[in-house]
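Colleague: I have a new model open on my screen and would like to learn how to read it. Could you walk me through it?

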Amino acid sequence: MEKKVVKTENISFKCKEIPLTRRELKNLFNFHIPCPCCGMEMLHPDIYTELLGNPILSECASDVIPLLQQFEYIMHPVERQVFNMFKSLAVKYPNKNFQELLLMKKDVHELALVKIQSSIFNKISFYRRILPKKTARALRKLIIKTNDIIFDPEPHKPFSRRIFIHKLKSICKNIENKKIREEIIKIARRLPRSSDEVCAFVVKNARKSSRIIALNLIHPSVGTFEHLQPKCMNGENNSLNFALECTYCNNSRHHFPLTVQIEENPFMPENAQIQMDKLISLYKKGLCKREYIENLKNMFYYHSEGIIDLDISRL
Ligand SMILES: [Zn+2]
């Protein structure tokens with residue numbers, strides 16, 4: 001497989017016309033399309049918009065659960081675990097809402113979260129022994145400040161993984177040894193996120209209203225248009241540059257290159273093929289256009305530097 005593709009300023013594949021309108025592309029979410037990155041089935045964004053206005057979401061858990069039950073199959077793993085936790089708690093406490101139920105569980109989950117976090121901060125602290133004095137001092141200061149937040153049951157401001165990694169990166173940017181620099185950031189990336197640890201979801205969401213908690217169970221699964229060439233890098237804002245992707249994967253990519261997204265999601269080439277097979281079957285039923293599929297294959301190949309080489313021979 002050819003790994004490198006010569007990059008040009010303007011990518012123009014065979015197809016120059018916009019193959020699908022936004023409405024036509026959005027319509028594909030009606031057909032159980034899996035995300036090309038995580039492989040999970042996506043929810044039509046209009047169904048989510050409709051849910052946003054539903055007043056039942058603020059009611060007690062025993063009223064909200066039947067409404068959300070229909071979406072359980074598209075929930076991501078952590079969200080599904082939390083939903084199941086709500087289901088068992090609601091049997092015991094039928095009059096409590098999602099926020100009240102999370103607050104009941106917060107302490108035990110916070111303790112579990114702090115245990116994971118502090119062991120990661122300890123691992124990072126070990127690097128003080130081999131870092132230049134100035135950097136080691138800055139690192140010590142950051143860790144002390146962070147420990148003050150996580151060990152305080154009522155911190156002034158809650159711990160933010162994103163801000164911590166940002167500060168750590170700016171401390172580490174002067175470390176000459178690239179390997180050590182990357183090792184430290186890699187350890188910090190293991191800090192739990194609400195999307196991959198139930199304890200982090202509970203702690204983060206216990207501060208939110210019942211309505212937002214209910215929506216947060218569904219939101220990661222909502223289908224979006226992912227700019228294969230990021231918008232900030234002049235990526236086009238139409239179906240020549242759009243892949244259908246879930247909100248979670250779209251948000252986690254930020255503006256990083258597709259190759260970085262593949263590093264974080266090693267099953268992406270296989271999952272992108274599963275989505276492609278689905279699109280081809282829709283094309284055969286007259287529900288998707290050949291031009292979109294051909295362009296999508298080329299875009300994935302180009303931006304993944306040949307790693308995602310989709311088979312469209314059945315087209
Ligand atoms: Zn996804």
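Modeller: Happy to! Of the 315 residues in the chain, 30% are buried. Keep in mind that this is a predicted model.

Colleague: Which secondary structure elements does the chain have?

Modeller: The chain comes to 14 helices and 2 strands. Its C-alpha atoms fill a box of roughly 60 × 60 × 25 Å along the principal axes. Among contacts with a separation of 6 or more, 72% are accounted for by residues 24 or more positions apart.

Colleague: How is the chain divided into domains?

Modeller: The domain assignment gives domain 1 as 22-42 + 231-303, and domain 2 as 45-221. Between the C-alpha centres of domain 1 and domain 2 there are 27 Å.

Colleague: And how many residues of each domain are in contact with the other?

Modeller: Here 8 residues of domain 1 are in contact with 7 residues of domain 2. On the domain 1 side, the touching residues divide into 5 nonpolar, 1 polar and 2 charged.

Colleague: Now the helices. What describes two packed helices?

Modeller: Two things: the angle between their axes and the distance between the axes. Take helix H5 (residues 98-125) and helix H10 (residues 210-218), which pack at about 85° with their axes 7 Å apart. That angle makes H5 roughly perpendicular to H10. In this contact, Phe98, Gln99 and Leu102 of H5 meet Ser210, Ile213 and Ala214 of H10. By class, those residues are 4 nonpolar, 2 polar and no charged.

Colleague: At what angle do H7 and H8 pack?

Modeller: Helix H7 (residues 161-172) and helix H8 (residues 178-188) pack at about 170°, and their axes are 10 Å apart. H7 and H8 are therefore roughly antiparallel, since angles over 145 degrees count that way. H7 contributes Phe164, Ile165, Leu168, Lys169 and Cys172 to the contact, while H8 contributes Arg181, Ile184, Ile185 and Ala188. The contact of H7 with H8 has 7 nonpolar, no polar and 2 charged residues.

Colleague: One more: why is helix H9 described as largely enclosed by the rest of the structure?

Modeller: Look at burial, residue by residue. In helix H9 (residues 198-205), 7 of the 8 residues are buried, so H9 is largely enclosed by the rest of the structure. The buried ones are Cys199, Ala200, Phe201, Val202, Val203, Lys204 and Asn205.

Colleague: Which helices do those buried residues pack against?

Modeller: The buried residues of H9 pack against helix H4 (77-92), and also against H5 and H10.

How values were computed:
Residues are numbered from 1 along each chain as its sequence is written. This is a predicted model: local features need pLDDT of at least 70, side-chain atom pairs count only at pLDDT 80 or more; totals for chains, interfaces and linings use all residues. Domain bounds come from an automatic or database domain assignment. Two residues are in contact if their C-beta atoms, placed from the backbone, lie within 7 Å. Ala, Val, Leu, Ile, Met, Phe, Trp, Tyr, Cys and Pro count as nonpolar, Asp, Glu, Lys and Arg as charged, and the others, Gly among them, as polar. Axes are lines fitted to C-alpha atoms, for helices over the stretch in contact, and angles run from 0 to 180 degrees between N-to-C directions. Helices (H or I, at least four residues) and strands (E, at least two) are DSSP runs, numbered from the N terminus. Angles under 35 degrees count as roughly parallel, over 145 as roughly antiparallel, 65 to 115 as roughly perpendicular and the rest as oblique. A residue is buried if 20 or more other C-beta atoms lie within 10 Å of its own, exposed if 12 or fewer, and partly exposed in between; C-beta atoms are placed from the backbone.
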